[in-house]
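Dear colleague,

Please find below the sequence and structure that I am handing over to you. My notes on the model follow directly after it.

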Amino acid sequence: MIAKLMACGADAFRINMSHGDQATKAQLVDTIRSLEVEHKRPSCILFDLQGPKLRVGRFASGSALLETGARFVLDADETPGSAERVELPHPELFEAVREGDQLLIDDGKIRLRVAAVTASRIETIVEVGGKVSNNKGVNVPDVLVPIPALTEKDRDDLQFALAQGADYIALSFVQRAEDVEEARALIGDKAALMVKIEKPAAIERLEGILAHADAVMVARGDLGVELPAEAVPPLQKMIVARARELGKPVVVATQMLESMITSPTPTRAEVSDVANAIYDGADAVMLSAESAAGDFPVEAVAMMDRIGRSVEADPKYAERVHFTATPAEPNTADALAESAGNIANTVKVAAMVCYTSTGAIARRIARERGPVALLVMTASRTVARRMGLVWGVHAVHTRDVASFEEMVGKAKRMVLRHKLAAGGQRVIIMAGVPFGTAGSTNVLHVVRVVGDELDDYGVS
């Protein structure tokens with residue numbers, strides 16, 4: 001199935017650490033990595049940490065019906081609950097919430113308003129009632145919850161993910177820059193760090209959070225629970241735009257093709273949702289239950305791929321995707337990245353090629369959302385894999401080059417081998433001289449591909 005999904009267009013695979021055991025995840029990693037050779041492209045794996053989960057306790061009858069307008073108490077008593085009260089096994093919340101704050105249970109299906117708080121008791125009024133059962137989740141949208149983003153389970157899962165060679169680690173429950181700094185200290189440079197923006201507190205502290213992150217996910221599921229539904233679309237656009245300005249990969253996730261969990265075709269609204277994220281310039285769009293547990297995983301990936309191709313074929317796409325300005329910073333790499341896009345439009349090149357040891361120049365070029373594909377060549381397998389979440393990139397893991405002539409020759413062969421250009425077409429090549437020096441991109445070269453460059457090299 002993973003091979004089928006990759007063939008249909010999946011560029012990266014998310015492993016959700018909220019479900020299953022580590023042994024099963026290790027087998028999954030082995031399967032994904034084994035397909036690199038068959039598909040002749042690097043695989044990208046994102047480990048998604050669960051994060052802390054706030055939950056109510058248990059009920060004497062397994063559930064209780066809360067009536068709208070009734071009083072309901074959340075307390076520290078472990079006694080099984082009823083329609084009048086239930087345990088809240090999170091002492092931090094008793095200190096954090098205030099009168100007037102809102103509490104949401106079961107993804108917002110139950111809405112409570114805090115009437116009074118003591119050290120071990122939160123009295124609420126039920127604003128939206130309904131049935132609530134054992135261990136349902138609790139959201140506190142009005143409060144900066146004094147809980148670390150990493151639980152003991154997360155720390156254990158993080159070490160496991162790093163040992164498995166994770167390309168990205170997705171951090172849940174991010175509220176402050178300090179949450180990201182803590183994860184960064186544990187990860188080091190062993191993986192790239194992606195922050196999931198799913199809490200209102202994170203929106204308020206977005207700049208500090210993004211400053212410490214390598215990539216961003218707009219996690220619309222939890223964000224849509226803790227904020228009014230109508231507030232999510234403008235926030236999504238704002239987060240995507242800001243990530244693009246910073247040159248950091250941004251993923252839009254949750255309920256993108258939700259109906260395809262049980263249907264072979266999506267709704268028109270879902271198609272528009274995916275298309276709009278692509279028009280906004282998101283680096284990646286993500287499926288969740290559609291491909292993890294749905295009845296039509298292949299169809300869902302194929303549909304998402306077709307939507308992307310359709311959007312990018314729109315004559316107005318370039319105009320719309322450049323609605324977000326990405327002014328160059330005063331450095332050589334940004335100047336060359338911006339120039340490459342201008343040249344590509346002026347002389348009609350077939351592709352752009354860059355050599356990189358860290359991936360930094362590739363991300364800066366991708367930030368410009370150029371008119372053609374970007375072939376990224378790197379001697380680092382790690383860098384090649386991380387490119388799976390970067391817009392418009394086709395990454396190749398290859399031996400490094402030692403001279404300018406070797407660089408040009410290899411670039412021509414690679415664009416032919418990967419069918420990104422044909423004989424007679426031009427390509428743009430970017431690299432740093434001297435070769436192998438990180439952060440030294442200083443060459444932009446336009447060449448014409450003859451078409452016979454592979455004749456003497458076979459498949460080397």
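Leaving out residues up to four places away in sequence, Gly51 touches Ala149, Thr151, Asp154 and Ser172, where contact means heavy atoms within 4.5 Å. Before going further, please note that this is a predicted model, in which local features need pLDDT of at least 70 and side-chain atom pairs count only at pLDDT 80 or more, while totals for chains, interfaces and linings use all residues. Residues are numbered from 1 along each chain as its sequence is written, and side-chain values use heavy atoms, with hydrogens and water left out.

Gly51 is placed in the loop between E2 and E3; helices (H or I, at least four residues) and strands (E, at least two) are DSSP runs, numbered from the N terminus. With a relative accessible area of 2%, Gly51 is buried; the term buried means under 20% relative accessible area, exposed over 50%, and partly exposed in between (1.4 Å probe, protein chains only). The C-alpha atoms of Gly51 and Leu150 are separated by 5.7 Å, although these residues are 99 apart along the chain.

Leu49 belongs to the loop between strand E2 (45-48) and strand E3 (63-66), and it counts as buried at 2% relative accessibility. Its C-alpha atom is separated by 6.0 Å from that of Ala170, a residue 121 places away along the chain. Neighbours within four places in sequence aside, the contacts of Leu49 include Met17, Leu150, Asp154, Asp157, Ile169, Ala170 and Lys196.

Asp157 is located in helix H4 (residues 152-163) and is buried, its relative accessible area being 3%. Not counting residues up to four places away in sequence, Asp157 touches Met17, Gln22 and Leu49.

**The parallel sheet**

An open sheet is formed by seven strands in the order E1-E2-E11-E12-E13-E14-E15, with parallel pairing; two strands are taken to pair if DSSP finds at least two bridges between them. Strand E1 (13-16) and strand E15 (284-286) each have a single partner strand and stand at the edges, so one side of each is left without a neighbour in the sheet. On average, neighbouring strands of this sheet are turned by 25° against each other, direction ignored. For such angles, axes are lines fitted to C-alpha atoms, for helices over the stretch in contact, and values run from 0 to 180 degrees between N-to-C directions.

E2 and E11 run parallel and are joined by three bridges, with Leu46 opposite Tyr168 in E11. On to the next strand, E11 (residues 168-171) pairs with E12 (residues 192-197) in the parallel sense over four bridges. Tyr168 stands opposite Ala192 in E12, and the bridge partner of Leu171 in E12 is Val195. Helix H5 (residues 177-187) packs on the sheet and touches E11 and E12, its direction making about 155° with that of E12.

In a regular strand the side chains alternate between the two faces of the sheet. E11 is covered on both faces: Tyr168 and Ala170 on one side, and Ile169 and Leu171 on the other, are all buried.

**Nonpolar cores**

A nonpolar core is a set of buried Ala, Val, Leu, Ile, Met, Phe, Trp, Tyr and Cys residues joined through side-chain atoms within 4.5 Å. The largest has 66 residues, of which Phe47, Ile169, Val195 and Ile197 touch the most other members. Helix H12 (residues 297-313) gives the most to this core, with six residues. Another core lies apart from it and has 27 residues, among them Ala64, Phe94, Ile110 and Val114. Residues up to four places away in sequence aside, Phe47 touches residues including Ile15, Val29, Phe160, Gln164, Tyr168 and Ile169.

**Helix H9 and the chain as a whole**

Helix H9 (residues 232-246) has 15 residues and reaches 21 Å from its first C-alpha to its last, close to the 21 Å expected, the expected span being 1.5 Å times one less than the number of residues. Among the buried residues of H9 are Val232, Leu235, Gln236, Ile239 and Arg244. Gly247 follows H9 and has a positive phi, near 70°.

The secondary structure of the protein chain comes to 17 helices and 20 strands. Buried residues make up 51% of its 460 residues. Among contacts between residues at least 6 apart in sequence, 65% join residues at least 24 apart.

With kind regards
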